[in-house]
Amino acid sequence: MTALWLKVLGMELLILTGTGGGWSLYKYHLSRWRAVCTFIRLLELLRETIYYRALPCEEVLSYAAFDPAFAAFHLERCRTYAEIPMPQELDRTCGPELREGLSSLSSASRSSACRTLASLCAICRRTETECRAKAEQTRQIAPRLGGCLGLLAAILLA
C-alpha cells in the first residue's frame with residue numbers, strides 16, 4: 001500500500017514540476033516584455049526632459065538615474081545617450097537602429113532629438129507588441145504543456 005502512495009506522490013510531484021517549469025517560462029517572457037516597456041518609458045522620459053527642460057545630456061541622464069524604475073539600466077554610469085544599455089530583446093531585434101539613433105542625439109538640436117526619440121519609441125513598440133503576445137501565448141500554453149509532460153514522465157516511469 002505504501003508503494004502505491006509513493007508512486008502517486010511521485011506522479012503528483014512530476015506534474016507539479018512540469019507545471020512550475022511552464023510558469024517559469026512564462027515569467028521569463030513576462031520579464032523580457034516588462035524590460036522593453038521600461039526602456040520605452042525611459043525614452044519617453046528623455047524626450048519629455050529634453051523638450052520641456054532643455055537640459056544637456058549629462059543632466060538629462062542624471063535626472064533619469066534618480067528614478068528607481070530605471071535602476072536596471074545603471075544610468076549613473078552613462079555620460080552619453082549611446083552608452084545607455086538596452087534590454088536583450090531590443091538589442092537582438094532592432095539594436096543597430098536604436099544605437100544609431102541614440103548616438104545621434106548628442107549632436108542633435110532639441111527638436112530633432114525629440115523627433116528621434118519619438119521614432120525610437122515607435123520602433124521599440126513593435127518589439128513590445130511581439131513580446132507581449134509571446135508572453136500571453138506562453139501564459140496560456142506553457143503551464144499546461146509542462147503539466148502534460150510531467151504526467152507523461154510519470155506514466156513512463158510507472
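In the predicted model, helices H1 and H3 cross with a left-handed geometry. The contact draws on Tyr28, Arg32, Val36, Phe39 and Leu43 from H1, and on Gln88, Glu89, Leu90, Arg92, Leu98 and Leu102 from H3. By residue class, this H1–H3 contact comprises seven nonpolar, one polar and three charged residues.

Two packed helices are described by the angle between their axes and by the distance between those axes. For H1, spanning residues 2–53, and H3, spanning residues 88–104, the angle is about 15° and the axes lie 12 Å apart. Angles under 35 degrees count as roughly parallel, and H1 is therefore roughly parallel to H3.

The packing of H1 against helix H4, which covers residues 110–157, was examined in the same terms. The axes of H1 and H4 come within 7 Å and cross at roughly 175°. This crossing makes H1 roughly antiparallel to H4. The residues of the H1–H4 contact divide into 31 nonpolar, eight polar and eight charged.

The largest nonpolar core of the model contains 32 residues. Within this core, the residues with the most contacts are Phe39, Leu42, Leu43, Leu46, Tyr81 and Ile84. At least two core residues come from each of H1, helix H2 (57–65), H3 and H4. Phe39 and Leu43, both listed among these core residues, also take part in the contact of H1 with H3. Leu42 touches Ala64, Phe70, Phe73, Leu75 and Ile84, when residues up to four places away in sequence are not counted.

Notes. Residues are numbered from 1 along each chain as its sequence is written. This is a predicted model: local features need pLDDT of at least 70, side-chain atom pairs count only at pLDDT 80 or more; totals for chains, interfaces and linings use all residues. Side-chain values use heavy atoms; hydrogens and water are left out. Axes are lines fitted to C-alpha atoms, for helices over the stretch in contact, and angles run from 0 to 180 degrees between N-to-C directions. Helices (H or I, at least four residues) and strands (E, at least two) are DSSP runs, numbered from the N terminus. Angles under 35 degrees count as roughly parallel, over 145 as roughly antiparallel, 65 to 115 as roughly perpendicular and the rest as oblique. A crossing is left-handed if the near helix is turned anticlockwise from the far one by less than a right angle, and right-handed if clockwise. Contact means heavy atoms within 4.5 Å. Ala, Val, Leu, Ile, Met, Phe, Trp, Tyr, Cys and Pro count as nonpolar, Asp, Glu, Lys and Arg as charged, and the others, Gly among them, as polar. A nonpolar core is a set of buried Ala, Val, Leu, Ile, Met, Phe, Trp, Tyr and Cys residues joined through side-chain atoms within 4.5 Å. Buried means under 20% relative accessible area, exposed over 50%, partly exposed in between (1.4 Å probe, protein chains only).
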